[in-house]
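Dear colleague,

Please find below the structure that I am handing over to you. A short account of the findings follows it.

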Amino acid sequence: MKCEAIHCYDRGTVRFAVYPDGIDGPRVLAEISEDALRDVLGACGGPESLVEACEHNFEVLEEHVVRRFREDPRRAIFLETRDLLFVR
């Protein structure tokens, strides 16, 4: 699935969408910190680099988001460095 992501400068995150049940199911918004994108996923520049890191690692991020969504669909999903330490 294509990654729908935008940089949120004021929040220091990239917000992206996941569709746990496919395109016809619910759309879940999640955020990942800039630090996680730089420290773990290899982003090394400005906003474009952050979004690209999200896009290149979308499958891994999607797994985390779907798992958290299934645990509690009402809870906001925010990924930090500690959530991704074992990705690479």
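Strand β1 (residues 4-8) pairs with β2 in the antiparallel sense over 5 bridges; strands are DSSP runs of E of at least two residues, helices are runs of H or I of at least four, both numbered from the N terminus, and two strands pair if DSSP finds at least two bridges between them. This is a predicted model, in which local features need pLDDT of at least 70 and side-chain atom pairs count only at pLDDT 80 or more, while totals for chains, interfaces and linings use all residues. Residues are numbered from 1 along each chain as its sequence is written, and side-chain values use heavy atoms, with hydrogens and water left out.

Within β2, Arg15 is the bridge partner of Ile6. The hairpin of β1 and β2 has 4 residues between the strands, and Gly12 there takes a positive phi near 65 degrees. On β3 (residues 28-33), β2 forms 6 bridges in an antiparallel arrangement, with Leu29 as the bridge partner of Ala17.

Strand β2 (residues 13-18) is largely enclosed by the rest of the structure, because 5 of its 6 residues are buried (under 20% relative accessible area with a 1.4 Å probe, protein chains only; over 50% is exposed, and partly exposed lies in between). One of the residues of β2 is Phe16, which is buried at a relative accessible area of 1%.

The structure holds 1 aromatic pair (ring centres within 6.5 Å; planes under 30 degrees apart are stacked, over 60 edge-to-face, the rest tilted). The ring centres of Phe16 and Phe58 are 6.4 Å apart and their planes stand at 80 degrees, so the pair is edge-to-face.

Yours sincerely

Note on methods
Phe/Tyr/Trp six-rings, centres within 6.5 Å; stacked < 30°, edge-to-face > 60°.
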